[in-house]
Amino acid sequence: INISRSRREILMLICKGLSNAEISDLLHLSQRTVERHRASLLAKTNTHNSIAMVLYAIKHGLVEI
């Protein structure tokens, strides 16, 4: 799947276990923006929760662990 650099960065932070609030503080974004990115990532990966999205990302080589 095609994911922008900013969404890939957010995906990596989600995989590291950071919350929306922690990601928004780290990247200087609003929590709402992070929530929108998370929702988009869930849709693009056709997953329904963060755990499934992380597993998808690892399985498909979207992130390195």
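Asparagine 46 sits in the loop that links α3 and α4 in this predicted model. Its phi angle is near 55 degrees, a positive value in a residue other than glycine. With a relative accessibility of 65%, asparagine 46 lies above the 50% cut-off, so it counts as exposed.

Histidine 28 belongs to the loop between α2 (20–27) and α3. Here phi is near 60 degrees, again positive in a residue that is not glycine. Histidine 28 has a relative accessibility of 72% and therefore counts as exposed.

Another histidine, histidine 60, is found in the segment after α4. Because its relative accessibility is 46%, histidine 60 counts as partly exposed. Between the C-alpha atoms of histidine 60 and threonine 45 there is a separation of 9.9 Å, while the two residues are 15 positions apart along the chain.

Read from the N terminus, the order of elements is α-α-α-α. The radius of gyration is 11 Å, close to the 11 Å given by the globule rule for 65 residues, so the chain is as compact as a globular protein of that length. Along its principal axes, the C-alpha trace spans about 30 × 20 × 20 Å.

What lies inside this arrangement? Buried residues account for 34% of the 65 residues in the protein chain. The largest nonpolar core has 15 residues, and those touching the most other members are Leu11, Ile14, Ile23, Leu41, Met53 and Leu62. At least two residues of this core come from each of α1 (5–15), α3 (31–44) and α4 (50–59).

Leaving aside residues up to four places away in sequence, isoleucine 23 touches Ile10, Leu13, Ile14, Leu18, Val34 and Arg38. For the chain as a whole, consider contacts between residues at least 6 apart in sequence: 45% of these join residues at least 24 apart.

Terms used:
Residues numbered from 1 in each chain as written. Predicted model: local features only at pLDDT ≥ 70, side-chain atom pairs only at ≥ 80, totals over all residues. Heavy atoms only, no water. Helix = DSSP H or I, 4+ residues; strand = E, 2+ residues; numbered from the N terminus. Rg over C-alpha atoms; globule rule 2.2 N^0.38 Å. Buried < 20%, exposed > 50% of the residue type's maximum accessible area, 1.4 Å probe, protein only. Contact = heavy atoms within 4.5 Å. Core = buried A, V, L, I, M, F, W, Y, C linked by side-chain atoms within 4.5 Å.
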